[in-house]
Amino acid sequence: MQTLSRKNLFYVSMLLFGLFFGAGNLIFPPLLGKDAGTNSFIALAFFCITAIVIPILGVISVAKSNGLNHLAKRVDPIFAIIFTSAIYLSIGPALGIPRAGSLPFEMVVASYLPADISLTLPRFLYTLLFFGAAYWLSQNPSKLVDRLGKLLTPLLILLLVGMFLGIVFKDTTAFPAPTLAYAANPAVKGFIEGYNTMDAVAALNFGLVISLSIRSLQIKDQKAVERYSIKAGINAGFALLVIYLMLTYIGSSTAGLFPDTENGAQVLTQAITYGFGPFGAVLLAIIFTLACLTTCVGLITSSSQYFTTLTHRVSYVTWVRVWTLSSLLLANFGLNAILSYSVPILIAIYPVSIVLILFGLIDKLKDFTLVYKITIYLTALQSILNALDLTGIQIPYLTNLFRALPFYDLGLGWVCLSALAFLGSLLLEISLRHLKH
């Protein structure tokens, strides 16, 4: 039986944590803690469903299916190409990679520059260095375990723990009363906020990276790859939970000290300055850059690997150059421009990703073609119409029809629809199989 040493399993787990933990993972829990207050841990529990549980299940699902493309082919070969390409493009060069390059600059570096200075040149210089490093790290996927798992991610975790310890022993305040939606629906609000990490979608990309990294450590048997993917996922998930608890506590316990903060980056900036003084700015800049860099490398690597297999004639390194350069250009349009189209994209692809992940975990379903087709296509239709609705575009009859779904206003109209579609299509397929026999 092929075995992976505990040390190498630890490094693979650290690699997976680093791939997942980007700027969004860093800024959303502190803001959740500040806004949810006394409801923080209820909100965080449901935040972790979409930000930890489903992403880890996604890695396992992709590993079991030997890649996202193979999983999506259970719906339809054409769907597989369209959906898989959409996932890699949206989470990669169209959104995730430029966001990773722009966030650390605008959330941390820009706040310490003179107010009257133009950000164009500083942003370009920062993103040029950032994507230069990402390009170098992405050129050889077989070295990701060494470069990210052994070095960058452990360093990132040590800095995060150090940041927490530097703040937690300072005088803090009692958790405030919950504000906004956290007072009425902390569970639902937390669940939806987990979308913003983009990790469930990213998991469909990173599952292939992790399985290839495990294979690079001389584990060739598919069952062994699945087994170690599960173990690495559990380890990475536990690490994410611990870090999220720390970040949420920082947001809740300092809310009374800094009530005027408007986003997670401001919460962390104020808290870390309170804990470390002027050095806090440097520490936070390093943490943001490392968090974004590790995620960015994973996205560039996975996107390049996929399009290499899709096109064949274009080499992996060429795709790395294409995605790095295009992301560098998009990152320089600024964070607000990137975020303006991120929510509709996530609303459109997240539900389909979740349903596909859950289906991929159930081996007995892989031959139930009707179940895959009916459930996935109805989920996709609802999600796309919901995304269009958010942008002010309504489709006659259909939009109003889907608006009648339970929890539609909360962004969860797909849940009941997907469940009914699954049960109905399962009964239909079982009945058709009995008729044939």
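**Entry 1: ground rules**

I number residues from 1 along each chain as its sequence is written, and for side-chain values I use heavy atoms, with hydrogens and water left out. Since the model is predicted, local features need pLDDT of at least 70 and side-chain atom pairs count only at pLDDT 80 or more, while totals for chains, interfaces and linings use all residues.

**Entry 2: the pockets**

I worked on a 1 Å grid over the protein atoms alone, where a pocket is an open set of points with protein on both sides within 12 Å along at least five of seven lines, a cavity is a set of points where a 1.4 Å probe fits but cannot get out, and lining residues have an atom within 4 Å of a point. Grid points are joined across faces, edges and corners, and a volume is the space filled by probe spheres set on the points.

I found about 630 Å³ of space in the largest pocket, and I noted 30 lining residues, with Lys189, Ile192, Glu193, Asn196 and Val343 nearest the centre. Helices here are DSSP runs (H or I, at least four residues), numbered from the N terminus. Among the helices that supply at least two lining residues each are H10 (186-193) and H17 (342-360), but the largest share, 5 residues, comes from H2. I sorted the lining by class, with Ala, Val, Leu, Ile, Met, Phe, Trp, Tyr, Cys and Pro as nonpolar, Asp, Glu, Lys and Arg as charged, and the others, Gly among them, as polar; this gave 17 nonpolar, 6 polar and 7 charged residues.

The second largest pocket holds about 270 Å³, and its lining of 15 residues has Asn66, Asn69, His70, Leu208 and Thr309 nearest the centre. Helices H4 (68-72), H5 (77-91), H11 (199-216) and H14 (279-311) each give two or more residues to this lining, which I counted by class as 6 nonpolar, 8 polar and 1 charged.

**Entry 3: the cavities**

How many cavities of 30 Å³ or more does the whole structure hold? My search gave 2. The largest cavity has a volume of about 130 Å³, and of its 16 lining residues, Gly22, Arg99, Thr197, Met198 and Thr295 are the closest to the centre. Its lining takes at least two residues from each of H2, H6, H11 and H14.

The second largest cavity, at about 30 Å³, has a lining that includes Asn66 and Leu208, two residues that I had already written down for the second largest pocket. H11 gives the most to the lining of this cavity, with 3 residues.

**Entry 4: the salt bridges**

I counted 6 salt bridges in the whole structure, taking a salt bridge to be a side-chain nitrogen of Lys or Arg within 4 Å of a carboxyl oxygen of Asp or Glu. In one of them, aspartate 76 pairs with lysine 373, with the closest N and O atoms 3.3 Å apart. This pair links distant parts of the chain, 297 residues apart, with aspartate 76 in the loop between H4 and H5 and lysine 373 in helix H18.

I then returned to the largest pocket, where lysine 189 and glutamate 193 are among the residues nearest the centre, and found that their side chains meet in a salt bridge (3.3 Å, N to O). Both lie in helix H10, 4 residues apart, about one turn of the helix. For burial I used relative accessible area (buried under 20%, exposed over 50%, partly exposed in between, with a 1.4 Å probe and protein chains only). Lysine 189 is partly exposed because its relative accessibility is 27%, whereas glutamate 193, at 15%, is buried.

**Entry 5: the aromatic pairs**

I found 21 aromatic pairs, where rings of Phe, Tyr and Trp (its six-membered ring) pair if their centres lie within 6.5 Å, and planes under 30 degrees apart count as stacked, over 60 as edge-to-face and the rest as tilted. Phenylalanine 47 and tyrosine 244 have ring centres 5.4 Å apart and planes at 80°, so I recorded the pair as edge-to-face. Phenylalanine 47 is in helix H3 and tyrosine 244 in helix H12, so the pair ties together parts that are 197 residues apart in sequence. Both residues, phenylalanine 47 and tyrosine 244, are buried.
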